[in-house]
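The sequence and structure come first.

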Amino acid sequence: MTAISAKPKVQAEPAKRVQFDNALLPWLFLLPQLAVIVVFFYWPSVQAVQSSFFIEDPFGFGSTFVGMANYADALASREYRRIASFTAVFTVLVTFLSLAIGLLLAVKADAVIRGASAYKTLLISVYAIAPPVAGLIGMMFFDMHIGPFVQMAAWFGWNMQVGLNYFDTAFAMVFVSVWKQIPYNFIFFLSGLQAVPVSVREAAFIDCKNGWRRFRTVTLPLLMPTAFFLLIINITYALFDTFGIIDVMVKDKPANNPITLVYKVYNDGFRGNDLGGSSAQSVILMVVVFALTIVQFRFLEKRIHYG
Amino acid sequence: MASIAIENVVKTYAGGNTAVHGVSIDIKDGEFIVLVGPSGCGKSTLLRMVAGLESISGGDVRIGDRKVNDLDPADRDIAMVFQNYALYPHMTVRENLAYGLKNRKTPKAEIEARVAEAARMLEIGQYLDRKPRALSGGQRQRVAMGRAIVRKPAAFLFDEPLSNLDAKLRVTMRAEIRKLQKRLGTTSIYVTHDQLEAMTLADRLVVLNAGRIEQIGAPLEIYHKPASTFVASFIGSPAMNLVDARVEGGMLWFGGVSVPLAGAQGPVTLGLRAEDLRLAAPGEAAVQLRIEHVEELGAQRLVHGMVEDQSLTIALSPDIPLTDTLPIALPRERLHLFDAVSGKRIETRVPAFA
């Protein structure tokens with residue numbers, strides 16, 4: 001205890017606080033934002049939780065309360081567990097690869113464009129391409145008739161059959177998902193790198209000869225707030241926003257294809273008309289993501305230095 | 001510790017702009033050299049070339065007996081103190097100090113000893129476990145100095161290290177830097193645009209203008225014998241008065257008054273320091289200064305006025321009563337003459353009084 005109390009007290013910077021005369025006014029300002037969250041997030045969530053306890057009649061004539069049976073069914077199903085493990089592998093691969101490649105490109109670009117603003121604008125303009133367009137282009141790469149990647153694979157004797165072969169489809173899914181997310185990560189990493197003060201880099205130049213060590217001990221720690229933000233964004237992306245890519249790849253194809261949990265929720269609910277089961281699955285997913293985010297904030301964020 | 005030789009160093013940027021035109025400075029071991037000049041004169045560029053943060057377009061830089069042109073900054077055995085401190089924000093003060101040593105594989109015990117010594121010298125011992133964010137500007141500056149000291153380098157390079165501090169702290173830190181450098185005896189190059197800082201710190205001053213050396217010399221030598229009108233107006237506060245005058249037949253004419261003078265002919269620029277001018281005694285030859293405005297500095301009073309159509313500033317004791325016009329005597333021994341065209345100093349002799 002004495003050791004702690006002997007430490008000099010760090011003066012906290014005074015927080016800037018806006019004062020309102022009327023207690024109602026701040027809530028009024030918040031109202032539009034709250035309304036959006038309630039309508040598009042809380043309300044559907046509550047509905048999902050509610051319907052997950054019922055079995056719905058396929059024709060919409062009525063529903064029966066079944067308690068936890070929907071959850072039990074989902075978790076007991078071998079298919080569900082297989083898809084869950086694919087989702088985990090898929091998420092880890094997509095998140096890791098898109099972050100790593102995005103960072104690598106950003107570091108390389110940063111070395112070239114320090115100060116050259118025209119070049120910077122040129123690189124960042126990639127970001128202006130709409131993601132669905134990028135996704136569509138990516139999928140055309142793997143088209144069995146015209147896709148250049150399928151042809152390239154053929155040179156090495158790989159008969160790539162996206163939509164038919166489980167592994168080939170998974171490969172294409174990961175590839176396109178990563179490819180589509182790289183520009184996003186690149187932009188954030190690049191701006192993060194550009195925010196590292198020049199003089200700090202120069203001081204590191206004088207203090208440390210080894211470039212990799214310099215990057216690891218000075219640049220990377222200063223980049224951690226950006227990386228942490230991107231980690232959460234990328235996990236969410238891999239879990240949810242890859243829906244469109246998966247849909248284009250496996251829709252109207254034979255059944256033996258890899259899909260993620262989100263796609264299964266859609267399949268069971270809107271194709272199979274099993275609203276109760278699909279609701280239970282989405283609630284499970286929600287809990288998993290919630291737990292994941294808490295873990296990240298509790299254990300990772302503590303190690304991050306915010307400038 | 002080592003001498004530094006800067007030999008005909010040139011810096012040309014990719015666009016063809018030349019920032020430094022063939023500068024040569026010989027710096028002795030343990031010397032404190034101050035590079036001073038207005039912004040854009042190339043002083044920082046020169047320092048950064050010595051540090052290795054800018055490539056050298058021409059000429060050589062030697063630290064000790066090594067040519068360092070192509071060495072990495074980390075291999076040059078220099079330490080630099082930056083204007084905005086450039087501390088590593090994610091490391092504690094202790095880690096900041098130790099970082100450069102750790103990367104050089106200094107033994108742990110040695111690092112600890114050096115950090116403790118530097119902390120004691122700079123009185124930052126109680127902040128060692130803080131992050132830079134929790135320190136004041138002056139404390140950060142000390143840590144930046146400490147980071148340089150622990151390395152025990154051949155040379156310290158200072159890039160306007162006091163510019164971000166307030167005026168009072170600047171004076172204290174100035175004195176501390178000087179004391180520290182004397183004590184450690186480390187060769188130092190210090191860049192500043194503040195002539196007062198330059199005068200007080202330097203063993204020798206290097207006055208730079210537009211990428212060229214105007215003058216090298218001890219501070220007082222430069223103050224008393226500025227090599228050009230540029231140096232004359234840059235060093236000393238208030239700036240030296242520079243007025244048009246004529247030399248005819250061994251007499252210098254200014255403001256209707258003549259002073260015997262040899263060694264020049266025709267139109268010249270006459271330099272008069274405000275503090276060298278004094279009120280003329282009754283009957284003494286004097287120029288008439290019409291007072292325009294007065295700055296009260298407390299210890300002295302700066303009187304700005306006109307002699308004929310040229311402006312002149314004079315420093316007077318506040319005890320002297322002011323009238324609309326003051327008779328000012330020209331200090332025969334303290335006249336500076338410069339070529340009216342090139343601005344270069346003209347050596348003159350004041351003939352003995354008849």
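Two residues are in contact if their C-beta atoms, placed from the backbone, lie within 7 Å. The model discussed here is predicted.

Chain A contains 13 helices and two strands. Of its 307 residues, 27% are buried. Among contacts in chain A with a separation of 6 or more, 69% are between residues 24 or more positions apart.

One helix, α10(A), is not straight. Its 31 residues would reach 45 Å as a straight helix at 1.5 Å a residue, but the end C-alpha atoms are only 36 Å apart. A bend of about 50 degrees lies at Met224(A), and the proline Pro225(A) follows within four residues.

Several residues of α10(A) are buried, including Leu222(A), Leu223(A), Thr226(A) and Ala227(A), as well as Asn234(A) and Tyr237(A). The cover over the buried residues of α10(A) includes the helices tabulated here, all from chain A.

| Helix of chain A | Residues |
|---|---|
| α4 | 78-113 |
| α8 | 166-194 |
| α12 | 261-271 |
| α13 | 275-300 |

Helix α9 of chain A is also part of that cover.

The contact between the chains involves 19 residues of chain A and 21 residues of chain B. On the chain A side, α9 (198-207) and α10 (211-241) each supply at least two residues. The largest share, seven residues, comes from α9(A). By class, this side of chain A has 11 nonpolar, four polar and four charged residues.

Technical notes: Residues numbered from 1 in each chain as written. Chains lettered and ligands numbered in written order. Predicted model: local features only at pLDDT ≥ 70, side-chain atom pairs only at ≥ 80, totals over all residues. Nonpolar A, V, L, I, M, F, W, Y, C, P; charged D, E, K, R; others polar. Expected span 1.5 Å × (residues − 1). Bend = angle between axes of the 7 residues up to and from the residue. Buried ≥ 20, exposed ≤ 12 C-beta atoms within 10 Å, placed from the backbone.
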